[in-house]
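Thank you all for coming; I would like to walk through one protein model this morning, slowly and with its caveats. Please have a look at the sequence and the structure first.

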Amino acid sequence: MRIQEFLWIVCFLLMSLFVHGIPVDTMELKIGDRCPAFTFEDMEGQSRSLDEFKGKYVFIDVWASWCYPCRKEYPYLQELEKKFEGQNVVFVGISSDHVVWRWKGAVENGKMSGEQWWVGNDTSFITAFRVDRIPRFILLDRKGRVLRLEMTRPSDPVTEETLDALEGI
């Protein structure tokens with residue numbers, strides 16, 4: 001009887017993997033860790049991933065529509081994007097808003113450009129990067145590994161200096 005119960009449990013667990021998919025590892029990341037293949041939604045409703053930017057540094061801005069300090073940093077972020085245009089770095093805004101219309105409204109009304117993505121209902125990115133406050137800035141290297149878990153804000157001159165000093169920028 002115990003073997004039969006054990007087999008049922010194993011079957012149930014295997015079936016749940018097929019139905020729900022294999023979850024993204026949400027273990028807390030540290031410097032040097034490879035960034036998992038998180039998926040986000042872009043403004044057109046398409047599924048996007050940071051893997052698209054392999055070979056480039058990725059400067060991530062985690063923000064929300066209701067966050068005044070986040071919105072205050074945006075002009076500085078746009079300035080950085082212009083300064084580094086055509087170089088080996090991409091800037092990605094990732095909204096942690098809980099509802100899509102707040103995120104889309106903030107992007108459209110704030111005239112935010114560039115890569116603007118939404119976390120949606122999947123909080124694995126927020127968990128893995130231990131995002132406990134926003135704005136939060138993260139830097140990935142060209143191989144998709146975590147270079148900086150807590151990057152300085154775009155308004156801080158150190159941010160531009162740090163980006164300038166990156167190898168192969």
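Which hand does the link of Cys 67 and Cys 70 have about the S-S bond? With 80° about that bond, the link is right-handed.

Residues are numbered from 1 along each chain as its sequence is written, and side-chain values use heavy atoms, with hydrogens and water left out.

The pLDDT, which is the predictor's confidence in each residue on a scale from 0 to 100, averages 88 for the protein, and 86% of the residues score at least 70. Over residues 11-26, however, pLDDT stays under 50, and for that stretch the model has eleven contacts beyond four places in sequence, a contact being heavy atoms within 4.5 Å. Where pLDDT is low, the predicted coordinates should not be read in detail.

Back to the cysteines: a search of the whole structure finds one disulfide, defined as a pair of cysteine sulfur atoms within 2.5 Å, and in the bond between Cys 67 and Cys 70 the sulfur atoms are 2.3 Å apart. Cys 67 is buried at 3% relative accessibility, and Cys 70 is buried with a relative accessible area of 3%, where buried means under 20% relative accessible area, exposed over 50%, and partly exposed in between, with a 1.4 Å probe and protein chains only.

Turning to the aromatic residues, the structure holds nine aromatic pairs; rings of Phe, Tyr and Trp (its six-membered ring) pair if their centres lie within 6.5 Å, with planes under 30 degrees apart counted as stacked, over 60 as edge-to-face and the rest as tilted. The rings of Phe 38 and Phe 125 have centres 5.4 Å apart and planes at 90°, so this pair is edge-to-face. Because Phe 38 lies in the loop between helix H1 (2-20) and strand E1 (39-42), and Phe 125 in helix H4 (residues 124-128), the pair ties together parts that are 87 residues apart in sequence. Helices (H or I, at least four residues) and strands (E, at least two) are DSSP runs, numbered from the N terminus. Phe 38 is buried at 2%, and Phe 125 is buried at 1% relative accessibility.
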